[in-house]
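Trainee: Please take one part of this model and go through it closely. Give the cut-offs as you go.

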Amino acid sequence: MQERDTYFKFNTGVVGYPLLFILLIWIVFWFEVRFGFDFNRFGVAPRTITGLRGVLFSPFIHADINHLWHNTLPLLILSAALFFFYQKNAWRVLIIGALLTGVLTWVLGRPANHIGASGVIYMLFGFLFFKGIIAKHFRLIALSFIVVFIYGSMVMYVLPIDPKISWEGHLSGIVTGALLAFTIKKGVAPPVIYPWQSKDYNPEEDEFLKHFDEHGNFIENIEPENLEVEEEIKIIYEYKEKDIDQDSKKD
């Protein structure tokens, strides 16, 4: 219970912050449609000075409603998982991860405007997967497998299979997430150490193993050890012999 309260404590930020991110990117898209603006030029333009502004702005800009919708649900789920399971490092991972993903995209990307929150999504995916394996905590390992089970198919999009997709942003995101997973060590739930994993563990003193003999057979009832032997109780009967002669006279 103490471990859960320390590392896995639910609060309003677990849901509130991801919803705020989603609301913000939808407001930006609504603003573009409502007032006829085009923010695509504020994306990451690799190896240009003006393109560096996309490091800050590109996660909030989307090309169309389909692009926005495909990024909404993964961003909501993965960021909520980040704020619950890694709440002591959530803001560090999110801010540094988003900026570093943008910088790597600026370095590696093709000459184009790279926009969308997919780079951040891949960064979250990479961090949650690799950190759970490294941390060796059973809850975090389970989270790693859940993330792979749900979003494992995203990995194929780090390859240049579609010229319309910024695979450079995806690759930058997953590399950044893995890098943060290996470098961030404090504030992460430590692995659970069971008694038999302790250096001072003595199998002969294990209460569970005492129920098995040297052949591995289960012993249902164990005789208590160091039990003082009770003194044997002797019962003495006192009786008088019957006088047969007197009884016969009465008859």
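**A close look at one residue**

Mentor: Apart from neighbours within four places in sequence, histidine 114 is in contact with Gly43, Val44, Pro46, Ser58, Thr105, Gly109, Ser166 and Glu168, where contact means heavy atoms within 4.5 Å. The model is predicted, with local features requiring pLDDT of at least 70 and side-chain atom pairs pLDDT 80 or more, while totals for chains, interfaces and linings use all residues. Numbering runs from 1 along each chain as its sequence is written, and side-chain values use heavy atoms, without hydrogens or water.

Histidine 114 sits in the loop between H5 and H6; helices here are DSSP runs of H or I with at least four residues, strands are runs of E with at least two, and both are numbered from the N terminus. Histidine 114 counts as buried because its relative accessibility is 7%; buried means under 20% relative accessible area, exposed over 50%, and partly exposed in between, with a 1.4 Å probe and protein chains only. Its side chain makes a polar contact of 2.6 Å with that of serine 166. A polar contact is a pair of N or O atoms within 3.5 Å; within protein, one must be able to donate a hydrogen and the other to accept it, and residues adjacent in sequence count only if both atoms are side-chain atoms.

One of the contacts of histidine 114 is Thr105, which is also among the buried residues of H5, including Val93, Leu94, Gly97, Ala98 and Trp106. H5 covers residues 90-108 and spans 26 Å from first to last C-alpha, close to the 27 Å expected at 1.5 Å a residue; that expectation is 1.5 Å times one less than the number of residues. The buried residues of H5 pack against helix H2 (12-35), helix H3 (54-57), helix H4 (65-85), helix H6 (118-135) and helix H8 (167-183).

The largest nonpolar core has 38 residues, and Leu75, Leu78, Leu82, Tyr86, Leu124, Phe127 and Leu128 touch the most other members. Such a core is a set of buried Ala, Val, Leu, Ile, Met, Phe, Trp, Tyr and Cys residues joined through side-chain atoms within 4.5 Å. H2, H4, H5, H6, helix H7 (138-151) and H8 each supply at least two residues of this core, and H6 gives the most, with nine.

For the whole protein chain, there are nine helices and zero strands, and 34% of the 251 residues are buried.
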